Amino acid sequence: KQRYLMKSIRVGLIKKPLQVILKSLSNINPKNTRTIFDNIGNISNFVTNSLINNVHIDNVSPKNIDSTPETILQPGCRWIRRKDFWKAESDPDSEKIIYYLHGGGFTFPDTPLHESLYSNIVDMMKDPNLSIFNLKYRLSPEHNFPSQLIDAMRGYRYLIEVLRVKPENIIFAGDSAGGNLTVSLLLALKYHRRIHENPDLLKDTNKIDNNDNGILLKLLNKNNDLKHMLSTDIEPLPNPKACYLISPWLDLKLNGDSMLVNSDKDILPISAGPKLVSIYLNGIVE
């Protein structure tokens with residue numbers, strides 16, 4: 001009954017209002033729309049949090065995070081844990097982490113809507129050793145692609161190199177645009193290992209593999225931060241234990257069959273897609 005009630009709240013107080021807002025997004029400044037998202041999310045969060053009282057959410061600002069240039073978390077991060085987390089085993093190898101990249105069309109931050117999602121995941125797992133590490137990556141239009149990917153790469157490196165978490169204890173997860181970033185992060189890890197094994201790939205060819213189509217090399221030539229994160233000066237990282245995607249937004253061309261078939265169910269209407277893609281890519285990728 002509790003789960004059903006929370007689902008009803010999300011549909012009634014969140015999904016329908018957000019669909020109305022997003023349908024008119026072409027006439028709304030994305031920066032101003034973030035405030036609307038927060039206000040709607042706060043209503044849901046107030047109700048759902050009253051049903052889940054054994055979860056602790058800790059927001060961490062960048063100034064309180066020890067990091068290197070390769071692990072800096074510019075917008076900060078959020079930890080979601082059960083309140084009995086600190087009573088669990090102190091062995092760091094026992095902690096399991098879900099590295100979650102939130103959705104929001106690359107433009108909106110994780111709202112109280114996501115807080116409810118994180119709290120539900122942690123609550124249902126009933127594992128005091130489980131944490132959700134939620135990265136607050138940079139957003140468009142202030143920051144265009146590949147800023148979000150660079151932040152995601154730094155977040156994973158932060159977990160492994162600063163916090164010393166083993167990759168086999170980490171699971172990637174993401175919804176919507178965060179699902180896109182999750183897949184992009186996995187590809188970046190693969191390409192970094194490939195470049196590290198054969199540095200001449202960057203000199204002698206115009207593509208890393210048959211699926212790359214030369215886009216990565218063009219990005220490396222345009223963005224020094226990405227070039228540094230994928231350079232041979234930095235040790236490549238292994239893959240995580242697993243990856244879990246929730247309705248990932250993988251088709252930025254917006255012509256996939258699923259977008260048409262599920263248009264009445266999707267919180268993101270097709271009409272809002274072109275503007276979100278345009279301000280995210282900003283002509284960097286055609």
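The tour goes from the whole chain to single residues.

**Before selecting anything**

This is a predicted model, in which local features need pLDDT of at least 70 and side-chain atom pairs count only at pLDDT 80 or more, while totals for chains, interfaces and linings use all residues. Residues are numbered from 1 along each chain as its sequence is written, and side-chain values use heavy atoms, with hydrogens and water left out.

**Whole chain**

Of the 286 residues, 50% count as buried, where buried means under 20% relative accessible area, exposed over 50%, and partly exposed in between (1.4 Å probe, protein chains only). Among contacts with a separation of 6 or more, 77% join residues 24 or more positions apart; a contact means heavy atoms within 4.5 Å.

**Colour by confidence**

Now colour by pLDDT, the predictor's confidence in each residue, from 0 to 100. The chain averages 76, and 67% of the residues score at least 70. Where is confidence lowest, and where is it highest? Helix H1 (residues 2-23) has the lowest mean, 53, and strand S5 (residues 170-175) the highest, 95. Select residues 1-9 next: pLDDT stays under 50 there, and the model has 13 contacts for them beyond four places in sequence. Where pLDDT is low, the predicted coordinates should not be read in detail.

**Asn-223**

Select Asn-223, in the loop between helix H7 (215-222) and helix H8 (224-229). Is this residue buried or exposed? Asn-223 counts as buried, because its relative accessibility is 18%. A polar atom of its side chain lies 3.1 Å from the backbone nitrogen of Asp-225. Show Pro-146 and Ile-150 as well: Asn-223 is in contact with both, leaving aside its neighbours within four places in sequence.

**Helix H10**

Move to helix H10 (residues 273-281), whose buried residues are Gly-273, Leu-276, Val-277, Ile-279, Tyr-280 and Leu-281. An α-helix has 3.6 residues a turn, so residues three or four places apart point the same way. Just after H10, Asn-282 takes a positive phi of about 50°.

**Cysteines**

Finish with Cys-77 and Cys-243. Cys-77 is buried, at a relative accessible area of 1%, whereas Cys-243 is partly exposed, at 34%. The structure holds zero disulfides, a disulfide being a pair of cysteine sulfur atoms within 2.5 Å.

Methods:
Helix = DSSP H or I, 4+ residues; strand = E, 2+ residues; numbered from the N terminus. Polar contact = N/O pair within 3.5 Å; in protein donor to acceptor, adjacent residues only side chain to side chain.
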